[in-house]
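Dear colleague,

Please find the structure below, followed by a short account of what was found in it.

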Amino acid sequence: MAVYVYSIVRATHPQRLDGLHGVGDPPATLRTVRTETLSAVVSDAPEELRPKRRDLSAHQSVQEQLMADGTVLPLQFGFTTTDDDAVRAVLEDGTDNFGERLRALEGCVEYHLKAAQDEDALLRQILQESDAARELNEEIRSGRSSPELPLALGELVSQEVQARQDRLAVAVLDALRGLAREERSSQPTGNDFLNVSFLVERDNEKSFLGAEQDIAKELGEDFDLRLVGPLPAYSFV
């Protein structure tokens with residue numbers, strides 16, 4: 001039977017799994033696959049696995065329990081392999097790499113931050129601060145403009161939006177990265193101008209959270225900063 005792999009920890013990790021269960025219906029029983037220095041938490045994999053709330057919750061509960069007792073390399077939901085021997089082979093082949101990652105994540109948690117600015121507020125700001133945009137807008141509103149002007153205004157506003165969002169993203173990152181051990185940026189989607197994960201030392205959590213709140217307060221109500229955490233360090237495995 002295929003094996004579902006949840007996490008990798010050091011062999012010395014307590015690996016307390018009492019009261020937890022794995023994915024599947026009925027829930028699978030958790031077990032460990034060990035080498036001399038590493039251990040993987042696994043279970044039998046269900047024949048059909050989909051990201052249902054029940055299974056996502058089971059996967060996350062395993063990560064959180066292990067994280068509470070030590071450093072963990074959390075695998076993304078849905079990772080399976082053929083059998084326990086295949087898991088053991090991966091642990092043995094990757095002993096050095098997994099060991100390095102465990103050292104890098106020691107004493108840390110992940111925080112994920114997304115940020116967006118209200119579109120109407122951003123447009124108003126551009127029209128107030130950009131002479132070129134304001135003049136084009138006024139000419140269009142006068143009804144005497146050529147058909148090309150709306151397109152020119154659209155292109156100018158688009159460039160201004162991108163430039164302003166890029167500067168905002170850099171400013172937020174600069175304010176927070178000094179309080180994090182590592183960061184991983186992803187392409188923002190929708191109206192967001194920032195999509196980034198921070199690896200934060202437990203000892204720095206209070207300072208990091210305070211800095212994020214200061215940024216949100218400084219930016220004001222036109223901005224929407226969504227910080228999620230502490231999380232298992234999925235983005236830094």
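R164 is found in helix α6, which spans residues 148-176; helices (H or I, at least four residues) and strands (E, at least two) are DSSP runs, numbered from the N terminus. The relative accessible area of R164 is 10%, so this residue is buried (under 20%; exposed is over 50% and partly exposed in between, with a 1.4 Å probe and protein chains only). Leaving aside residues up to four places away in sequence, R164 touches L122, Q125, I126 and E129, where contact means heavy atoms within 4.5 Å.

This is a predicted model, in which local features need pLDDT of at least 70 and side-chain atom pairs count only at pLDDT 80 or more, while totals for chains, interfaces and linings use all residues. Residues are numbered from 1 along each chain as its sequence is written, and side-chain values use heavy atoms, with hydrogens and water left out.

Q187, by contrast, lies in the loop between β7 (182-185) and β8 (192-201), and is exposed at 67% relative accessibility. Its C-alpha atom is separated by 26 Å from that of S207, 20 residues apart along the chain.

Yours sincerely
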